[in-house]
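Please read them with the coordinates open.

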Amino acid sequence: MATEAPPPPRNDTETGHGPASPTTEQFVEVQESAEFGELRRTHRSFAFPLTLAFIAWYLLYVLLSNYAGGFMGTKVFGNINVALVLGLGQFLTTFLIAWLYSRHAANRLDPKAEAIRTRMEGDA
């Protein structure tokens with residue numbers, strides 16, 4: 001059942017509460033600011049190298065699985081072979097990268113983004 005609901009209010013002048021919405025010009029101004037550029041650089045300097053490293057690590061695992069079957073079948077202990085250890089290492093590195101990014105974002109990105117957001121909502 002579809003109903004025609006009015007769009008949500010755009011700013012506090014319509015509702016009397018909540019932050020005001022910044023204008024398009026304000027968004028462009030912030031996007032071109034040095035502060036936003038620093039935020040973007042901080043994010044990219046962390047995310048891009050880790051992404052490239054993880055892709056290289058994943059491709060190494062795939063290539064070894066396809067072309068180095070003897071090596072990957074080498075027993076490490078019991079019925080555990082190199083392929084299983086490296087495969088589980090993929091999961092471990094995924095969780096490690098997620099945890100590292102979460103810490104990085106909380107310590108370095110979020111404070112800068114919050115400062116920008118607060119300034120924008122205060123100016124609007």
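**Notes on the salt bridges and the overall fold**

1. R117 has a relative accessible area of 38% and is therefore partly exposed, a class that lies between buried (under 20% relative accessible area) and exposed (over 50%), as computed with a 1.4 Å probe on protein chains only. E121, at 26%, is likewise partly exposed. These two residues form a salt bridge whose closest N and O atoms are 2.7 Å apart, where the term denotes a side-chain nitrogen of Lys or Arg within 4 Å of a carboxyl oxygen of Asp or Glu. Because E121 and R117 are four residues apart in helix α5, about one helical turn separates them.

2. On the basis of these values, please note that this is a predicted model, in which local features need pLDDT of at least 70 and side-chain atom pairs count only at pLDDT 80 or more, whereas totals for chains, interfaces and linings use all residues. Residues are numbered from 1 along each chain as its sequence is written, and side-chain values use heavy atoms, with hydrogens and water left out.

3. R41 and E38, by contrast, both lie in helix α3 (residues 34-67), three residues apart, about one turn of the helix.

4. Turning to the fold, the protein chain has five helices and two strands, which follow the pattern α-α-α-α-β-β-α along the sequence; helices (H or I, at least four residues) and strands (E, at least two) are DSSP runs numbered from the N terminus.

5. Of the 124 residues of the protein chain, 17% count as buried. Among contacts (heavy atoms within 4.5 Å) between residues at least 6 apart in sequence, 59% join residues at least 24 apart. The chain exposes about 9300 Å², of which carbon and sulfur atoms supply 65%, with accessible areas taken from the Shrake-Rupley method with a 1.4 Å probe and, for residues, only the protein chains shown counting as cover.
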